[in-house]
Amino acid sequence: MKTIHKYPLEITGEQQIDIPEDSRILSVQVQDGKVCLWAMVDTETEKVKRTVRIFGTGSPVDLDGLSYIGTVQQNYLVWHVFIHIDF
């Protein structure tokens, strides 16, 4: 069955999330002060680890193998969120 799930993210350079293999990223936004990723997932599909990278505006970036998800504003900070493209 397909449902939409939320994945809270930490503000860190790189992190892993466990997400069903054929998931479709829908959005990344701030909810209640926390950066979150929403994805359409098939709850019957096996979960895999995916790498998420977050860069602040003005920070050096290495985008090798990454796909842009979105940009969010958290107070006065701006974060740019990417996921490894093997997704």
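Here are some questions and answers on this predicted model.

Me: Before we start, what kind of model is this, and which pLDDT do local features need?
Reply: Residues are numbered from 1 along each chain as its sequence is written, and side-chain values use heavy atoms, with hydrogens and water left out. It's a predicted model, where totals for chains, interfaces and linings use all residues, side-chain atom pairs count only at pLDDT 80 or more, and local features need pLDDT of at least 70.

Me: How many helices and strands does the protein chain have?
Reply: Helices (H or I, at least four residues) and strands (E, at least two) are DSSP runs, numbered from the N terminus. Along the sequence the pattern reads β-β-β-β-β-β-β. The count for the protein chain is 0 helices and 7 strands.

Me: What radius of gyration does the protein chain have, next to that of a compact globule?
Reply: The radius is taken over C-alpha atoms, and the globule rule is 2.2 Å times the number of residues to the power 0.38. The C-alpha atoms fill a box of roughly 40 × 30 × 15 Å along the principal axes. For 87 residues the rule puts a compact globule near 12 Å, which agrees with the chain's 13 Å.

Me: What percentage of contacts between residues at least 6 apart in sequence join residues at least 24 apart?
Reply: Contact here means heavy atoms within 4.5 Å. For the protein chain, the figure is 62%.

Me: Is Thr 51 buried or exposed?
Reply: Thr 51 sits in strand E5. Buried means under 20% relative accessible area, exposed over 50%, and partly exposed in between (1.4 Å probe, protein chains only). Since Thr 51 has 17% relative accessibility, it counts as buried.

Me: How many salt bridges does a search of the whole structure find?
Reply: Side chains of opposite charge can pair when their charged atoms come close. A salt bridge is a side-chain nitrogen of Lys or Arg within 4 Å of a carboxyl oxygen of Asp or Glu. With that cut-off, the search of the whole structure finds 3.

Me: Which residue does Glu 10 meet in a salt bridge?
Reply: The N to O distance is 3.0 Å for Glu 10 and Lys 34. The pair links distant parts of the chain, 24 residues apart: Glu 10 is in the loop between strands E1 (2–8) and E2 (14–20), and its partner is in strand E4 (residues 34–42). Glu 10 is partly exposed at 48% relative accessible area.

Me: Which residue forms a salt bridge with Glu 14?
Reply: The closest N and O atoms of Glu 14 and Arg 53 are 3.7 Å apart. This pair, 39 residues apart, links Glu 14 in strand E2 to a partner in strand E5 (residues 47–56), namely Arg 53.

Me: Is Lys 49 buried or exposed?
Reply: Lys 49 meets Asp 18 in a salt bridge (3.0 Å, N to O). The two are 31 residues apart, with Asp 18 in strand E2 and Lys 49 in strand E5. Asp 18 is partly exposed at 39% relative accessibility. Lys 49, at 55%, counts as exposed.

Me: What distance separates the C-alpha atoms of Val 61 and Asp 22?
Reply: Val 61 lies in the loop between E5 and strand E6 (66–74). At 48% relative accessibility, Val 61 is partly exposed. Val 61 and Asp 22 are 39 residues apart along the chain, and their C-alpha atoms are separated by 27 Å.
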